[in-house]
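Hi,

Here is the structure I promised to pass on.

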Amino acid sequence: MAQLQITFLGTGTSQGVPRLGCPCAVCTSPDPRDCRTRSSVHIESPEISWVIDTGADFRSQCLRERIRKVQAAVYTHPHTDHIMGFDDLRAFAAHGEPFPVYGSEGTLQEISRAFSFAFHPKTRIPGYLHPEPRPVSEAFFLGKTELLPLPLPHGNITSQGYLLSREGRRLFAYLTDCHAVPKEVVHAVEGVEHLVVDALRERPHPTHMNVGAALEVIDQVRPQQGWLTHLCHDLRHSELEARLPSGVRVAFDGLRLSV
């Protein structure tokens, strides 16, 4: 019996795919898998449902996937394409009840600054979402699922990946928005059932891994299944997946995993 139901709400980069005004082959592709909204996942366990990141497409993603329950939000880092859907969490929050929001201390400070009207008691609107910041640097639990924060270099900031485990089993690792995966993180997620890795494009990028670097990480971790995410419009889904090694696939918006 599956312990986690995971839905990829978005698998795209900061501008999404199609990019506004772009006539390229991927942006005009009829393949729905080439339509990529900002990266985010929804996770449902027997005890609790939560999201990792709430980008600008969060509302439409939840409508598309018929998400009816979100009881916590976990953040990787405070870049715009990962936090700007925060306001739409109010649809899932009971009036007056604290809504737990997890992330690094720096990430939560930036979210609090961007949405000060929600976080600061003097400006909080009665009946609005009541976020409860919960800074994390070590493992914590949502229900019976353990989440281990994994520090990842992302340009001049540190992003956090997450390893999800239940009953000692490493089930799902989410490593998005990074330009490398440190050896300590590789060791922490080694042998995980599902590994999701940042793979922006073929060419090198200063703040993201490219496809080649992502495949090297997957080869080191040796998951049961590897997935590529945070893809830009340089990559056509069908063409990329056709040349990937066994055990590696391209994630797409709406992909569901029963782990």
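Below is what I found in it, grouped by region.

First, the ground rules. This is a predicted model, so local features need pLDDT of at least 70 and side-chain atom pairs count only at pLDDT 80 or more, while totals for chains, interfaces and linings use all residues. Residues are numbered from 1 along each chain as its sequence is written, and side-chain values use heavy atoms, with hydrogens and water left out. Helices (H or I, at least four residues) and strands (E, at least two) are DSSP runs, numbered from the N terminus.

**The sheet**

Let's begin with an open sheet of seven strands, in the order E6-E5-E4-E3-E2-E1-E14, where the pairing is mixed. Its edge strands are E6 and E14 (256-258), each of which pairs on one side only. Two strands count as paired if DSSP finds at least two bridges between them. Within this sheet, E4 (residues 73-74) runs parallel to E5 and is joined to it by two bridges; Val74 has Tyr102 in E5 as its bridge partner.

Helix H1 (residues 58-65) lies across E1 (5-10), E2 (40-44), E3 (49-52) and E14, and runs at about 135° to E1. For that angle, axes are lines fitted to C-alpha atoms, for helices over the stretch in contact, and angles run from 0 to 180 degrees between N-to-C directions.

**Helix H3**

Next comes H3 (residues 105-114), in which Thr107, Leu108, Ile111 and Ser112 are buried. Buried means under 20% relative accessible area, exposed over 50%, and partly exposed in between (1.4 Å probe, protein chains only). Seen down the axis of H3, those buried residues fall within an arc of 135°, so they line one face of the helix. The arc is that of the directions from the helix axis to the C-beta atoms. On the face turned away from the buried side you'll find the exposed residues Glu105, Gln109 and Arg113. The cover over the buried residues of H3 includes H2, E5 (98-103), helix H4 (116-119) and E6 (130-135). Contact here means heavy atoms within 4.5 Å.

**His82 and its surroundings**

His82 is worth a click. His82 sits in helix H2 (residues 80-83) and is buried, with a relative accessible area of 0%. The side chain of His82 makes a polar contact with the side chain of Asp177 at 3.1 Å, and another, of 3.3 Å, with that of Asp81. A polar contact is a pair of N or O atoms within 3.5 Å; within protein, one must be able to donate a hydrogen and the other to accept it, and residues adjacent in sequence count only if both atoms are side-chain atoms. Leaving aside neighbours within four places in sequence, the contacts of His82 include Asp53, Tyr75, His77 and His230.

Asp53 turns up again for its backbone: phi is near 75°, a positive value in a residue other than glycine. Asp53 lies in the loop between E3 and H1 and counts as buried, at 0% relative accessibility.

Most residues other than glycine have a negative phi, and most peptide bonds are trans. Arg66, in the loop between H1 and E4, has a positive phi near 55° and is exposed, at 65% relative accessibility. A cis peptide bond joins Val17 and Pro18, with omega at about 5°; Pro18 is in the loop between E1 and E2.

E9 (residues 157-166) has eight of its ten residues buried, so it is largely enclosed by the rest of the structure. Nine bridges join E8 (residues 145-154) to E9 in the antiparallel sense, and Leu147 has Leu164 as its bridge partner in E9. The hairpin of E8 and E9 has two residues between the strands, and Gly155 takes a positive phi near 65° there. E9 also pairs with E10 (residues 169-175), antiparallel over five bridges, with Leu163 opposite Ala173. In the hairpin of E9 and E10, Glu167 takes a positive phi near 55°.

**Cysteines**

How many disulfides does the rule give? The count comes to zero, where a disulfide is a pair of cysteine sulfur atoms within 2.5 Å. The sulfur of Cys22 is 3.6 Å from the closest cysteine sulfur, in Cys24, which is too far for a bond. For Cys62, the nearest cysteine sulfur is that of Cys35, 16 Å away.

Cheers
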